[in-house]
Amino acid sequence: MSDEDDLDDYEPEPEPDEEDLEKEDDEKETEEWEDYRKEGEEFSEEWMPIPLTENMMKEGLSLLCKTGNGLAHAYVKLELKDRDLTDINLLRSYIHLRYVDISENHLTDLSPLNFLTHLLWLKADSNQLRTARLNELPYLQIASFAYNQITDTEGISHPRLGSLDLKGNHIHMVTGLDPQKLSSLHTLELRGNQLESTLGLNLPKLKNLFLAQNLLKKVEGLENLSNLTTLHLRDNQIETLSGFSKEMKSLQYLNLRGNMVSDLGELAKLRDLPKLRALVLLENPCTDETDYRQEALVQMAHLERLDKEFYEEEERAEAEEIRQRMKEEQEQEAEPEHDLELDQPLV
């Protein structure tokens, strides 16, 4: 079996479900963020140059696999985590590598990875990278550049990339993410950056989008994400719920916890999301309103869960009564206008 056949058969790990995502949010988010901030204080230090050596390679290599025509073998997995590395130029000659972990080093340059054209999985978290730019890697499916000093999203164009993690960087705006070149991307993690806009994220294949802990004031440019099922916007500065549309026909889970939505009337703007089942609005001013929970269900009859609490049948019946009453009132208001039109004299 050739390298290409093996790579085609590779299957990534299954995506986490909603409860797993919520659990990660609540239990790990703050702790992880504080750790990152502490690490950030060390970024300015001068590091002694430590290049990758053959001895380090021998210690880090594993997983012997067939290569080429199936007659030769090579190690395809490399673990170089936390080695204080500043230089990985030696990797250029290890062209059969498929799984590489170079996280928790002091790397500023990943260009040697451009030679690893069979790479499937890359973890380069907690380095000193200022960019995630690489040549197109045809088989790369999972890539993580979390907790670096990356300032933009340019130069990411891997056709089979399914999951991209850029959390904990310094990205102000998303640019250069071409849907034609990222045709397989289903999960994008941008939590803990400095994003001021959601523009630039028009990636129709996206299923999971994580934008928590940024500087967002509104949602825009996501209207055509018809495959998006999970959207995390926790801990931003969002005041309005404009920017959602019926074209977002797959969205099931929306986390808006810790934002600045004060007007319950904003909930009506989520009415057109046909599959929205779970909504989190904790720590928004609107949740202090007495009829907050009821109003959400009145506006979104298909909602199953608000702030992690499922709706009871009694609440559903009450909300249905209110909707019916509102409908009747609207019809009654429209009737006099209709009668007036009929009473107008013919000219």
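## Charged side chains and salt bridges

Lys81 has a relative accessibility of 34% and therefore counts as partly exposed, where partly exposed denotes the range between buried (under 20% relative accessible area) and exposed (over 50%), with a 1.4 Å probe and protein chains only. The structure is a predicted model, in which local features need pLDDT of at least 70 and side-chain atom pairs count only at pLDDT 80 or more, whereas totals for chains, interfaces and linings use all residues. Residues are numbered from 1 along each chain as its sequence is written, and side-chain values use heavy atoms, with hydrogens and water left out.

The protein chain contains five helices and 13 strands, taken as DSSP runs (H or I, at least four residues, for helices; E, at least two, for strands) numbered from the N terminus. Of its 347 residues, 45% are buried. The chain exposes about 18100 Å², of which carbon and sulfur atoms supply 47%, the areas coming from the Shrake-Rupley method with a 1.4 Å probe. Among contacts (heavy atoms within 4.5 Å) between residues at least 6 apart in sequence, 37% join residues at least 24 apart.

A search of the whole structure finds 11 salt bridges, each being a side-chain nitrogen of Lys or Arg within 4 Å of a carboxyl oxygen of Asp or Glu.

| Salt bridge | N to O distance |
|---|---|
| Glu59 and Arg83 | 3.4 Å |
| Lys81 and Glu104 | 3.7 Å |
| Glu266 and Lys269 | 2.9 Å |

Glu59 pairs with Arg83 in a salt bridge; Glu59 lies in helix H3 (residues 54-60) and Arg83 in the loop between strand S2 (72-79) and strand S3 (99-101), so the pair ties together parts that are 24 residues apart in sequence. Glu59 is exposed at 59% relative accessible area, while Arg83 is partly exposed at 25%.

Lys81 forms its salt bridge with Glu104; because Lys81 lies in the loop between S2 and S3 and Glu104 in the loop between S3 and strand S4 (121-123), this pair ties together parts that are 23 residues apart in sequence. Glu104 is partly exposed, at 35%.

In the bridge between Glu266 and Lys269, Glu266 is buried at 12% relative accessibility, whereas Lys269 is partly exposed at 33%.

Glu312, Glu313, Glu314, Glu318 and Glu321 form a negative surface patch, a patch of this kind being made of residues with over 30% relative accessible area and no salt bridge, with like charges joined within 9 Å. Glu312 sits in the loop between strand S13 (309-310) and helix H5 (313-343) and is exposed, with a relative accessible area of 53%.

How values were computed
Patch = residues over 30% accessible without salt bridge, like charges linked within 9 Å, V, L, I, M, F, W, Y side chains within 5 Å. Lys, Arg positive; Asp, Glu negative; His and termini not counted. Charge placed at Lys NZ, Arg CZ, Asp CG, Glu CD.
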